[in-house]
Amino acid sequence: MKILIITLEYPPQIGGIASYVFNFAKSLPPEELIVYAPHLKETEVFDKNNLWKTYRLKPFWWLRPRWFKMFLQIRKIVKKEGVEKIYLHHILPVGQVACWIKRFLKIPFVVFLHGTDVEMGTDKKNKRRKFVRICLEAEKVVVNSEFLKNKLLNKTEGLSNVVVVYPCPGEKFLQPSDKEVVEGLRAKLALNGKKVILTVARMAEGKGFPHLIRLLPQILQKVPNLVWLIVGDGPKRSMLVNEIQKNNLQNITRFLGTIPYEELPKYYQLADLFVLLTHKDENSEEGWGTVFLEAAASGLPVVAGRVGGVEEVVDNLRTGLLVDVYQDQSVVSGVADLLREENYAKELGSAGRERVLREFQWKKQIDKLN
């Protein structure tokens with residue numbers, strides 16, 4: 001069956017949805033797959049390395065409705081490629097396009113929801129009406145956790161087509177990186193003889209950066225040879241840099257910025273612990289957390305903030321520790337204990353990797369759509 005994936009976030013763009021879509025695509029038969037994605041710099045080089053066909057187009061124009069240009073593009077692709085089903089991300093506005101394609105060309109579609117799109121799609125009456133209509137017209141509505149499924153059903157009525165498909169880490173995270181490369185990176189970052197904690201996340205609300213910065217001086221009292229690696233960028237970067245300077249943490253912090261997805265595994269593999277203190281903010285809370293599974297696949301124990309779908313990703317006391325980010329001593333003890341008790345940390349890391357191999361494989365999750 002010929003499947004067309006429509007997405008507005010896709011590599012080489014970096015981000016959770018982009019990596020989700022790419023890893024999902026890699027798990028489908030390439031001869032049956034077509035991807036529609038925005039045109040970005042260096043897309044030709046990236047797309048040549050994939051076995052499936054990718055259309056890179058500009059989806060919007062200045063006329064209203066702006067998405068009508070995308071409709072014309074998708075209609076042409078569907079006819080040309082013999083598409084039999086559409087998998088779409090970004091329910092608004094892409095869902096409007098899918099509904100029209102279904103109406104005029106009789107092609108069914110599946111909606112994928114990732115978290116914030118549920119909040120944004122239901123926060124106003126007009127958008128909520130469009131959101132619900134698109135979900136009802138979809139063959140299936142795919143969510144990334146039981147938490148998000150419950151939230152969706154609480155905000156809508158009449159949906160009986162909701163399926164949970166857990167996002168999974170890419171295969172690269174299960175494969176050991178070249179030891180010389182990892183050790184070279186360790187030397188470059190001055191990590192020899194250090195205990196390394198790693199955070200991979202967008203610098204935004206709900207990720208818990210200020211909480212960890214505030215508690216690091218207490219953690220350093222217990223683990224004085226600590227270094228914190230931060231991979232990511234975002235709107236809160238300047239504020240976080242200022243807070244690190246105020247707390248005199250410049251010497252133990254390494255801001256690495258945005259790292260290409262395929263380069264991430266070696267950073268996980270040189271760390272001792274993954275820490276991301278997720279928490280609820282004013283507008284939303286974490287619906288999932290694939291980075292925790294990337295850490296687990298790398299054999300790395302995690303300390304995670306107890307919120308939303310994160311409780312489904314991290315098996316508390318078995319693959320890592322779930323903490324209340326507002327309970328300071330719980331966070332300090334959790335991080336410090338896992339850095340000092342190597343055997344316990346390795347036990348959690350091994351259990352996390354085994355769980356990924358057992359439960360969080362793309363093929364197993366995609367089979368739920370059949």
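In this predicted model, the count of disulfides comes to zero. A disulfide is a covalent bond between the sulfur atoms of two cysteines. The case of Cys99 illustrates the result. The cysteine sulfur closest to that of Cys99 belongs to Cys135, and the two sulfurs lie 9.4 Å apart, which is too far for a bond. For a pair to be counted as a disulfide, the sulfur atoms would have to be within 2.5 Å. Cys99 counts as buried because its relative accessibility is 1%. Cys168 is likewise a buried residue, with a relative accessible area of 2%.

Salt bridges, by contrast, were found in the model, and their count comes to 22. Side chains of opposite charge can pair when their charged atoms come close. One of these salt bridges joins the side chains of Arg56 and Asp47, with a distance of 2.8 Å from N to O. Both partners of this pair, Arg56 and Asp47, are buried.

Two further salt bridges involve exposed lysines. The side chain of Lys280 meets that of Glu285 at 3.9 Å, N to O. Because exposed means over 50% relative accessible area, Lys280 falls into this class with its value of 53%. In the other pair, Lys363 and Asp367 form a salt bridge in which the closest N and O atoms are 3.6 Å apart. Lys363 is exposed, its relative accessible area being 58%, whereas Asp367 is partly exposed, with a value of 38%.

Helix H7 spans residues 146-155, and its residues Phe147, Leu148, Lys151 and Leu152 are buried. When H7 is seen down its axis, the buried residues fall within an arc of 130°, and they therefore line one face of the helix. Several elements pack against these buried residues of H7. Among the helices in contact are H5 (116-122) and H6 (125-137), together with H13 (310-313). Strand E6 (140-143) and strand E7 (162-164) also pack against the buried residues of H7.

In summary, the model holds 22 salt bridges and zero disulfides. In H7, the buried residues line one face of the helix.

Conventions: Residues numbered from 1 in each chain as written. Predicted model: local features only at pLDDT ≥ 70, side-chain atom pairs only at ≥ 80, totals over all residues. Heavy atoms only, no water. Buried < 20%, exposed > 50% of the residue type's maximum accessible area, 1.4 Å probe, protein only. Helix = DSSP H or I, 4+ residues; strand = E, 2+ residues; numbered from the N terminus. Arc of directions from axis to C-beta. Contact = heavy atoms within 4.5 Å. Salt bridge = Lys/Arg side-chain N within 4 Å of Asp/Glu carboxyl O.
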